[in-house]
Structures are given as structure tokens and as C-alpha cells.
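Let us walk through this structure together, from the overall layout down to single side chains. Please keep the sequence and the 3D view open as you read.

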Amino acid sequence: MTGPLFYDVAGEQPAVPSERPTADMQVVSSNYFRTLELPLLTGRAFDEGDRAGGTTVCIANEAFVERRLRGGSA
């Protein structure tokens, strides 16, 4: 599944439905970041335990952290 995904930021008031922000979602393998040689600055990469039906996980880029989390911890 790919495409836009509505999200809320924990600790913030939920936006009204017509103003909810969206993010792009792409399903990738656990080797995605290593293959592209993209370093993770904090947190962890995806692993084999990250599967459909499991706990939802995501990796946020620096632009998202700065804009939506005001530089806080993702």
C-alpha cells in the first residue's frame, strides 16, 4: 500500500478532519536504508518484525521533525 496517509502528532490537539495533515507512505524492505546508504540519525531502522498487523512504525525525515515536531524528538 502506498499513497497519502492521515496522521496526528501525539501531544497535539487533533486537527479537524478537513485540515488533517498527510504523509506519503511507502512500503520498503528492512534493508532499504542500508541499500541506499542513508544513515539514521536517531532511533532504529525497520526490521523483519515490522509487518502488516504488527505495531505501526515509521521513520521521519529531518524536515518533518523540524516542521511538525519543532525540532523535538520523533
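**A walk through the fold**

Y32 counts as partly exposed, because its relative accessibility is 30%; here buried means under 20% relative accessible area, exposed means over 50%, and partly exposed covers what lies in between, with a 1.4 Å probe and protein chains only. Before we follow this tyrosine to its partners, a word on the background. You are looking at a predicted model, in which local features need pLDDT of at least 70 and side-chain atom pairs count only at pLDDT 80 or more, while totals for chains, interfaces and linings use all residues. Residues are numbered from 1 along each chain as its sequence is written, and side-chain values use heavy atoms, with hydrogens and water left out.

Now to the overall layout. The protein has 2 helices and 2 strands, and from the N terminus on they follow the order β-β-α-α. Helices (H or I, at least four residues) and strands (E, at least two) are DSSP runs, numbered from the N terminus. The C-alpha trace spans about 35 × 30 × 20 Å along its principal axes. Of the 74 residues, 11% count as buried. The accessible surface comes to about 6400 Å², and carbon and sulfur atoms hold 52% of that; such areas come from the Shrake-Rupley method with a 1.4 Å probe, and for residues only the protein chains shown count as cover.

Contacts tell us how the chain meets itself, and contact means heavy atoms within 4.5 Å. Among contacts with a separation of 6 or more, 22% are between residues 24 or more positions apart. Charges can be summarised too: the mean positions of the 7 positive and 10 negative charges are 2 Å apart. In that count Lys and Arg are positive and Asp and Glu negative, with His and the chain ends not counted, and each charge is placed at NZ of Lys, CZ of Arg, CG of Asp or CD of Glu.

Which rings pair up? Rings of Phe, Tyr and Trp (its six-membered ring) pair if their centres lie within 6.5 Å, and planes under 30 degrees apart count as stacked, over 60 as edge-to-face and the rest as tilted. By this rule the count comes to 3 aromatic pairs. One of them joins Y7 and F64 edge-to-face, with 5.5 Å centre to centre and 65 degrees between the planes. Y7 lies in the loop between β1 (3-6) and β2, and F64 in helix α2 (residues 62-68), so this pair ties together parts that are 57 residues apart in sequence. Y7 is buried, because its relative accessible area is 14%, whereas F64 counts as partly exposed at 25% relative accessibility.

Back to our opening tyrosine: Y32 and F33 also form an edge-to-face pair, with 5.0 Å centre to centre and 90 degrees between the planes. Together with F46, Y32 and F33 form one aromatic cluster.

Leaving aside neighbours within four places in sequence, F33 is in contact with L38, L40, F46 and I59. The C-alpha atoms of F33 and A45 are separated by 7.4 Å, although they are 12 residues apart along the chain.

I59 is partly exposed, with a relative accessible area of 29%. Not counting residues up to four places away in sequence, I59 touches F33, L40, R44, A45 and F46. I59 and D24 are 35 residues apart in sequence and 11 Å apart in space, C-alpha to C-alpha.

What does the side chain of S30 make a polar contact with? Its partner is the side chain of E48, at 2.6 Å. A polar contact is a pair of N or O atoms within 3.5 Å; within protein, one must be able to donate a hydrogen and the other to accept it, and residues adjacent in sequence count only if both atoms are side-chain atoms. S30 lies in the loop between β2 (22-25) and α1 (32-35), and S30 touches F46, D47 and E48, not counting residues up to four places away in sequence.

Finally, look at the backbone of E37, where phi is near 55 degrees, a positive value in a residue other than glycine. E37 lies in the loop between α1 and α2 and counts as exposed at 69% relative accessibility.
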